[in-house]
Amino acid sequence: MNKPEAEQTPAYAGVDISKEVLDVSLAGQPPCRYANDTTGIAALIKVLKKLPQPVQVVCEPSGGYERDLLSALWTAGLAVSLVHAARIRAFARAQGLLAKTDPIDAVVLREFGELLKPETLAAPSPQQERLAALVQRREQLVNLLSMEDQRLAQARDAVVRKMSERLLKKLATQIEQMDALIEEQITADKTLKSQSERLQQVKGIGPVTASTLLAELPELGTLSRNESGALAGVAPYNRDSGEHRGRRTIRGGRVKVRRVLYMAALVAARYNPILKAFYQRLVAAGKPKKVAITAVMRKLVVLLNHLLKNPDFKLA
């Protein structure tokens, strides 16, 4: 008698994603290849849905080339796990696999899924997807403005300087427009609006930090203390062996989240009474200032997660 679908072990499909193609590995089959376009993705999904078991696709972030595939998989009702590339590479090295090709990577992704059973990634709402796109574009514009500002500082030719100044004005205008679009997107959604307002109750958290957290860490409010720190990349990891007690370090997590938390922590360490006292206590105990700021970052993300998880909780 067959198990109910909910109890069946999933069939893991490893998918290595590049700009043009998708290399796919299924158990008992040689790796195969599909075009990374509408037709190729549709053909892949047709094959996956014909499998007798429920399917779980395992892939890595690929600089945006994974977006169409993920969207199509979610629409088709298929489970997806998006695993950090460093974990996959470490898994391959642990097996003695030093060679790296797209078909090999697809096999490694499948075997990673079969052995470690990674958690699935929930499909974002259309509102979250648009917010993430707007926040990403704002960051790109800010980076462009910063680079152009540096070029202007080095320019000597009058014509070049005028062109650079005009471009800086255009970029500043587009950033203002993007801020307005982000605010409009958040205000139009009751959940996002209430979450943004809740986050900004904490001194040090402004509109940019709040929108970035909502876009890049949509799980906030559903995590444990340890999970929130780990996803933000501010959880300290031990490096101990025998009698040796190594220096604790942070690594991994979501870079954009860690970046805005750092800026928020700098503000909070000066103006948030509780976090300021916490920071000063660490520095007074001999902790380096950078370590103390990292501790403030972790306190912040844990607090923010708690606020969204517990709407009735009142800040002191």
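Helix axes here are lines fitted to C-alpha atoms over the stretch in contact, with angles from 0 to 180 degrees between N-to-C directions. The model is predicted. By that description, the axes of H1 (residues 38-49) and helix H2 (residues 67-75) come within 10 Å and cross at roughly 40°. The model also holds an open sheet of five strands, and helices H1 and H4 lie across strands of that sheet.

**Sheet**
- The strand order is E3-E2-E1-E4-E5, with mixed pairing.
- Strand E3 (32-35) and strand E5 (79-82) are the edges, each pairing on one side only.
- Neighbouring strands are turned by 25° against each other on average, direction ignored.
- Strand E1 (residues 11-17) pairs with strand E2 (residues 21-26) in the antiparallel sense over five bridges.
- Asp-16 has Asp-23 in E2 as its bridge partner.

**Helices on the sheet**
- H1 lies across E1, E2, E3 and strand E4 (55-59), and runs at about 135° to E3.
- Helix H4 (residues 102-116) also lies across E1, E2, E3 and E4, and runs at about 145° to E1.

**H1 and H2**
- H1 passes H2 in a right-handed crossing.
- H1 contributes Ile-41, Leu-44, Ile-45 and Leu-48 to the contact, and H2 contributes Asp-68, Leu-69, Ala-72 and Leu-73.
- By class, this contact has seven nonpolar, no polar and one charged residues.

- Lys-117 lies in the loop between H4 and helix H5 (126-154).
- Lys-117 has a positive phi of about 50° although it is not a glycine.

Conventions:
Residues numbered from 1 in each chain as written. Predicted model: local features only at pLDDT ≥ 70, side-chain atom pairs only at ≥ 80, totals over all residues. Heavy atoms only, no water. Pairing = 2+ DSSP bridges. Helix = DSSP H or I, 4+ residues; strand = E, 2+ residues; numbered from the N terminus. Contact = heavy atoms within 4.5 Å. Left-handed = near helix turned anticlockwise from the far one by under 90°. Nonpolar A, V, L, I, M, F, W, Y, C, P; charged D, E, K, R; others polar.
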